[in-house]
Amino acid sequence: MTGEVAIIGCGPSGCYTALALRRLAPEVKITVFDGRLTPYGLVRYGVASDHQGTKGVSRQFDRLFDSDGVEFVGNTVIGRDISLKTLEQAFDVVVIATGLSEDRPLQVPIDPEARVYGAGQLLRFLNGDPDSHVRSLAGSHGPLGTDLLLVGAGNVAMDVARLLCKTEEAFAGSDIDDEAWLSLATPDLRRLTLLARGPRERACWDASMFTELCRLPGVVITVDGEVEERSLSGGAEVGASPVRDVIHVDIHFNESPAAIEYAGGRTLVRARRTRATSGSEDSGKPGEWAGAGEEAYVVDTVVTAMGFVRPTVEQNPVAHADPERQVWVGGAHSGALGNLAENRTLAKIAAEEVADRLKRSSGRPGLEGIRDLLPPDAVSFKDWEAIDRAEIARARSDRLRWKFTTREEMADVVESHRGATAPSPTT
Ligand SMILES: Cc1cc2nc3c(=O)[nH]c(=O)nc-3n(C[C@H](O)[C@H](O)[C@H](O)COP(=O)(O)OP(=O)(O)OC[C@H]3O[C@@H](n4cnc5c(N)ncnc54)[C@H](O)[C@@H]3O)c2cc1C
C-alpha cells in the first residue's frame with residue numbers, strides 16, 4: 001500500500017499513530033506537523049520533569065523519524081501557517097492529533113486579582129515551555145507564597161503537589177527549568193491544601209503517585225484532619241531534626257471551591273463542604289450534593305488540576321474541523337487527554353482507519369506538493385536534533401538538559417546549525 005499521510009500534532013497520539021501505520025503499511029509516507037519547534041507535545045512540556053522514565057518514550061519516537069518516509073515539519077501551525085484545506089488537497093489522509101491544550105476552568109466566581117493557575121500551564125512553565133501562560137503571569141505576580149490551595153484529585157494534582165514539595169537536590173537528573181522553579185520560590189511553601197470534590201475512594205490518582213508524595217522528606221500529610229501514617233513512616237520525622245521546614249499537605253475530600261475572593265494581597269477560597277452522591281471526580285459534572293457546609297481558606301495561590309479541554313476555535317481552528325473528513329486521535333478525538341498507554345491504544349485504531357481510507361485514495365503529492373508553502377522558518381527533524389544537542393550541552397552537571405525557553409533561542413540554534421552544515425560554495 002502506498003499513499004501520503006499528514007498528521008497534525010507531533011505529541012504521543014500523532015507519533016503512536018505514525019508508528020502503528022508504519023507497521024501496517026511501511027511504504028506509506030508520513031509527514032508530522034507541529035506548531036512547536038520541538039516534537040513530542042506534552043511528553044516534553046507536560047509530563048513531570050522528575051519522571052524521566054515516562055519521558056523516555058521520546059527515544060522510541062526518535063527512531064520513527066530516523067526511518068525513511070517519515071518527516072517532521074515543526075514551527076508550522078496548521079490553520080494559521082498552512083490551511084487544513086491545503087493539507088487535504090495535498091495528502092490522501094489527514095490525521096488530527098492536536099491533543100487538549102487548555103486547563104478545564106473552575107466554574108465559580110473568581111476575583112481577577114486572585115492568583116489562580118491551571119496545573120497544565122504551571123507544569124508547562126516548570127518544563128520550560130515558551131508558550132506557558134504562567135511565564136508571563138509569574139513575572140508580574142512573583143513567587144507562589146507560603147500557602148497554596150490545589151483543586152483536583154487526579155495524577156496531575158499529584159504531580160503539582162510533589163513538584164512543589166520537592167527540594168532542589170531532588171531534581172538531580174531531571175530536566176526541570178531551574179529559572180522557572182526558582183521564580184516560584186517553592187522552598188517558602190508551608191501549607192498545601194488539596195480539595196477533592198468526591199470521597200477518597202473516588203480519587204483518580206494512582207496509588208503509586210500518592211505514595212511518592214507521602215515519601216518526600218519534610219512533608220506531613222493529613223487526610224480530612226487525620227495524619228496519614230504512610231507519610232510519617234516514609235516522610236518527615238516531625239520533631240526529629242527535619243531535613244528542612246516541614247510542608248503540611250492537608251487533603252480534604254468532599255470539598256469544592258464555591259468562590260475565590262481577593263483582599264489585602266491574599267486570596268480567600270470559600271469552599272463547600274459536601275458529600276457527592278453521584279458523578280465522577282474528573283468529569284466536571286457536579287453530581288448530587290448532600291450535607292453542604294462552608295469552609296474558608298486564606299492562601300496565596302490557587303492551582304486547579306481538573307482535567308483539560310479543547311481550545312476555542314480562535315485558539316485552534318483545526319480542533320473544530322469537521323470530524324468526518326479527517327481521522328481523529330487522542331484527546332482531540334475522545335475529549336480526555338488520557339495517558340500514554342491510552343494514547344497508544346487509540347492510535348492503533350486510528351492507524352487502521354488511515355490504512356482503510358488509503359485503499360480508496362492515493363496519488364496525492366504529499367509534502368513535496370506543498371513544500372513551497374511552508375513557512376520559511378519551518379524546522380526539520382535534523383533542526384530539532386541540533387536544538388536537542390544544544391540543550392544537553394548547556395545543562396549543568398546534575399541536569400539532563402537545560403531547555404531553551406524562547407522560540408527565538410531555538411531559532412538561533414537552528415540557524416547556526418544550518419550555517420555550519422551548509423555546503424561550502426567552493427566545494
Ligand atoms: C502535567 C501532565 C503530566 C502528565 N504525566 C503523564 C505521565 O506521567 N504518564 C502518562 O502516561 N501520561 C502523562 N500525561 C498525559 C500525556 O502527556 C498525554 O496523554 C499525551 O501527551 C497526549 O498526547 P497527544 O498527542 O494527544 O497530545 P499532546 O501531547 O498535547 O500533543 C499535541 C500536539 O499537537 C500540536 N498541535 C496542536 N494544534 C496544532 C496545530 N493547529 N498545528 C500544528 N500542531 C498542533 C501541539 O503543539 C502538540 O505538540 C501527563 C499530562 C500532563 C498535562
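Throughout this passage, Ala, Val, Leu, Ile, Met, Phe, Trp, Tyr, Cys and Pro count as nonpolar, Asp, Glu, Lys and Arg as charged, and the others, Gly among them, as polar. By that scheme, the shell around the ligand has 16 nonpolar, 19 polar and three charged residues. The model is a predicted one, in which local features need pLDDT of at least 70 and side-chain atom pairs count only at pLDDT 80 or more, while totals for chains, interfaces and linings use all residues. Residues are numbered from 1 along each chain as its sequence is written.

Of the 38 residues around the ligand, Gly9, Gly11, Gly41, Gly99 and Gly330 come nearest; a residue is near if its C-beta atom, placed from the backbone, lies within 6 Å of the molecule. The ligand lies between domain 1 (4–100 + 310–379) and domain 2 (103–309), because both give residues to its shell. These bounds come from an automatic or database domain assignment. At least two shell residues each are supplied by helices H1 (12–24), H2 (41–45), H6, H8 and H13 (340–360). Helices are DSSP runs (H or I, at least four residues), numbered from the N terminus.

Several of these helices also pack against other helices. H1 and H13 pack at an angle of about 50°, with their axes 7 Å apart; axes are lines fitted to C-alpha atoms over the stretch in contact, and angles run from 0 to 180 degrees between N-to-C directions. H1 and H13 are therefore oblique to each other, a term for angles other than those under 35 degrees (roughly parallel), over 145 (roughly antiparallel) or 65 to 115 (roughly perpendicular). Their crossing is right-handed, with the near helix turned clockwise from the far one by less than a right angle, whereas anticlockwise is left-handed. From H1, the residues meeting H13 include Pro12, Tyr16 and Leu24, and those in H13 include Leu340, Arg344 and Val354. Contact here requires C-beta atoms, placed from the backbone, within 7 Å. This contact has twelve nonpolar, three polar and three charged residues.

H1 also meets H4 (residues 57–66), their axes coming within 10 Å and crossing at roughly 50°. This pair is therefore oblique too, and H1 passes H4 in a left-handed crossing. Pro12, Cys15, Ala18 and Leu19 in H1 meet Val57, Phe61 and Leu64 in H4, giving seven nonpolar, no polar and no charged residues.

The axes of H6 (residues 119–126) and H8 (residues 155–165) come within 10 Å and cross at roughly 45°, which makes H6 oblique to H8. The crossing is left-handed. Ala119, Leu122, Leu123 and Leu126 of H6 make the contact with Val156, Ala157, Asp159, Val160 and Leu163 of H8. By class, these are eight nonpolar, no polar and one charged.

Technical notes: Contact = placed C-beta atoms within 7 Å.
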